[in-house]
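This report looks at a strand and its neighbours, and then at the pockets. Please keep the sequence and the 3D view open while reading.

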Amino acid sequence: MDSSRISLRPFKLTDVDDFLKWASDDRVTRYLRWNTITSKEEAMAYIDKVAIHHPWRWTICLDDHSVGYVSIKPESGDDKCRAHVSYAVGADYWGQGIVTLAIKVAISLVFKEFPDLVRLEALVEVENRASQRVLEKVGFLKEGLLRKYGFCKGEIRDMFIYSFLSTDKIL
């Protein structure tokens, strides 16, 4: 994949058709906290009410078409040193290094944008080996197993916690 074709930018309402292509795929949303998007109206509402107003939820673009997202949600108050990372990419783009590249770019941007940020955290279900590989390729450290930690799609699941510090090197 030519990395010059990949970019990150805030969501726009005009992304609705591209967003619906990947957000309507159960394979893509399997490990996400939000449910599969099933209609253009639902996609428009999600972009308008959630993605655009999120502190840092940007779309991953291939040739300026939305193919996924990276979300970094800083905590507040005494916990503003920490942020949670999540991401997804359309199944047609799995295994091409797109998410790895997008997370590397996102990391370099958010540590500048949020000066109090010291630690990024990602929670990954034990079964989601592809996501674990992405984080490890970027330079995240697997810190441990959180048993029966995350509620997703009606189940409480075991999660691995990964971290990346502002002093760590992007691989």
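## Terms and model

A pocket is an open set of grid points where a 1.4 Å probe fits, with protein on both sides within 12 Å along at least five of seven lines. The model described here is predicted.

## The second largest pocket

The second largest pocket has a volume of about 190 Å³. Helix 1 (16–23) and strand 3 are the elements that give two or more residues to its lining. Among the lining residues are Asp18, Trp22, His65 and Tyr93. By class, the lining of this second largest pocket comprises four nonpolar, three polar and four charged residues.

## Strand 4 and its partners

Strand 4 (residues 82–89) is largely enclosed by the rest of the structure, because six of its eight residues are buried. Strand 3 (residues 65–74) runs antiparallel to strand 4, and seven bridges join the two. In one of these strands, strand 4, Ala88 is the bridge partner of Tyr69.

Strand 5 (residues 119–125) runs parallel to strand 4, joined to it by three bridges. Here His84 stands opposite Glu121 of strand 5. Together with helix 4 (residues 98–113), strands 4 and 5 make a right-handed β-α-β unit.

## The largest pocket

The volume of the largest pocket is about 1,000 Å³. Its lining has 40 residues, and Leu32, Tyr87, Ala88, Asn128 and Ser131 lie nearest the centre. Strand 4 gives the most to this lining, with six residues. By class, 20 lining residues of the largest pocket are nonpolar, 10 polar and 10 charged.

Notes: Residues are numbered from 1 along each chain as its sequence is written. This is a predicted model: local features need pLDDT of at least 70, side-chain atom pairs count only at pLDDT 80 or more; totals for chains, interfaces and linings use all residues. Side-chain values use heavy atoms; hydrogens and water are left out. Buried means under 20% relative accessible area, exposed over 50%, partly exposed in between (1.4 Å probe, protein chains only). Helices (H or I, at least four residues) and strands (E, at least two) are DSSP runs, numbered from the N terminus. Two strands pair if DSSP finds at least two bridges between them. A crossover is right-handed if, with the strands pointing away from the viewer, the path from the first strand over the helix to the second runs clockwise. On a 1 Å grid over the protein atoms alone, a cavity is a set of points where a 1.4 Å probe fits but cannot get out, and a pocket is an open set with protein on both sides within 12 Å along at least five of seven lines; lining residues have an atom within 4 Å of a point. Grid points are joined across faces, edges and corners, and a volume is the space filled by probe spheres set on the points. Ala, Val, Leu, Ile, Met, Phe, Trp, Tyr, Cys and Pro count as nonpolar, Asp, Glu, Lys and Arg as charged, and the others, Gly among them, as polar.
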